[in-house]
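Here is a quick walk through a protein model, written for someone who would rather look at it than read tables. Keep the viewer open and follow along.

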Amino acid sequence: MNFDESQTKTNLARAFAGECQAGARYQFIAQKAVQEGKKNIQMLFKTLAKNEMAHAKTFWDLIAKNTTEPQENIEIKAGYPFQDSELPEMIKFASNNEKSENTTIYPSFSKIAEDEGFKEIAEKFKLVALVENDHFMILDELYNKLKSKDLYKNPTDYNWKCGHCGHTHLGKQSFEICPLCNMDNGHVELTYLGRKKC
Ligand SMILES: [Fe+2]
Ligand SMILES: [Fe+2]
């Protein structure tokens, strides 16, 4: 199948657009979080935004690598997910989008690429879907913990770390104010989110 006439080329362009949008939305959420004094949520979303831009670059490079004609514009039909509300609802919205990417959109793009004979591209869609599943797990847990107000609690002992000064505290609950630097728990690193508990 000629790449320039394939559905896969259009799907890569759609995926590129979707990733750029997610990257932008996550930077907006990061800004909102820091305005609300939640430095830890800001840092988390900055990392997620960086991941989405890396996915966008991967899709961009695959178009560049496979096309045989100079490309000036690739027409796509795509949605622009939009929600501007309170932070928890924006996090929930983000988690829903991650879920649909990893359970529906990318598996279907991967299958089409496979059927059209683009093995490498099919594999990349699968790899990105796995990351989106991780993103979903993180955001889903973050939303649930914000809602139930137990973001700084863990069922088992956990090494809570102040993202400002590096102080750590082992326990089921984080400090509210860091005993070393006096920063509040909005600085406590949230790296435990999304890890499969077994
Ligand atoms: Fe992504
Ligand atoms: Fe993602």
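## The overall layout

Keep in mind that this is a predicted model. The protein chain has 4 helices and 2 strands, and if you read along the sequence they come in the pattern α-α-α-α-β-β. The C-alpha trace spans about 65 × 35 × 25 Å along its principal axes.

Of the 198 residues in the protein chain, 30% are buried. If you take the contacts with a separation of 6 or more, 63% of them are between residues 24 or more positions apart.

The chain is split into domain 1, covering 3–69 + 78–147, and domain 2, covering 153–187. Their C-alpha centres sit 30 Å apart.

Helix H3 takes in residues 87–115. How far apart are its end C-alpha atoms? They are 41 Å apart, and that agrees with the 42 Å that 29 residues should span at 1.5 Å a residue.

## Helix H4

The buried residues of H4 include Ile121, Phe125, Val128, Phe136, Leu139, Leu142 and Tyr143. Lys124, Glu132 and His135 are buried in H4 as well. The buried residues of this helix pack against H1, H2 and H3.

The largest nonpolar core holds 18 residues, and the ones touching the most other members are Tyr26, Ile29, Phe45, Ile91 and Leu139. Which elements give two or more residues to this core? They are H1, helix H2 (39–66), H3 and H4.

Setting aside residues up to four places away in sequence, Leu139 touches Ile91, Ala94, Ser95 and Glu98. Apart from this core lies another one of 14 residues, among them Phe16, Ala56, Phe109 and Ala113.

## The hairpin

Now for the strands. S1 (residues 153–161) pairs with S2 in the antiparallel sense, over 5 bridges. To find your place in the pairing, look for Asn159, which stands opposite Leu170 in S2.

How many residues lie between S1 and S2 in the hairpin? There are 6, and Gly166 in the turn has a positive phi of about 90 degrees.

## Single residues worth a click

Lys149 follows H4 and belongs to the loop between H4 and S1. Its phi is positive, about 55 degrees, although Lys149 is not a glycine. Is Lys149 buried or exposed? It counts as exposed, because it has 8 C-beta neighbours inside 10 Å, and 12 or fewer is the cut-off for that label.

Asn182 is another non-glycine with a positive phi, of about 70 degrees. You'll find Asn182 in the segment after S2, and it counts as exposed because it has 10 C-beta neighbours inside 10 Å.

Glu176 is also in the segment after strand S2 (168–173). With 9 C-beta neighbours inside 10 Å, Glu176 counts as exposed. Which residues does Glu176 contact, leaving aside its neighbours within four places in sequence? Those contacts are with Asp184 and Asn185. Tyr152 is 24 residues away from Glu176 along the chain, yet their C-alpha atoms are separated by 8.5 Å.

Conventions
Residues numbered from 1 in each chain as written. Chains lettered and ligands numbered in written order. Predicted model: local features only at pLDDT ≥ 70, side-chain atom pairs only at ≥ 80, totals over all residues. Buried ≥ 20, exposed ≤ 12 C-beta atoms within 10 Å, placed from the backbone. Contact = placed C-beta atoms within 7 Å. Domains from an automatic or database assignment. Expected span 1.5 Å × (residues − 1). Core = buried A, V, L, I, M, F, W, Y, C linked by C-beta atoms within 7 Å. Pairing = 2+ DSSP bridges.
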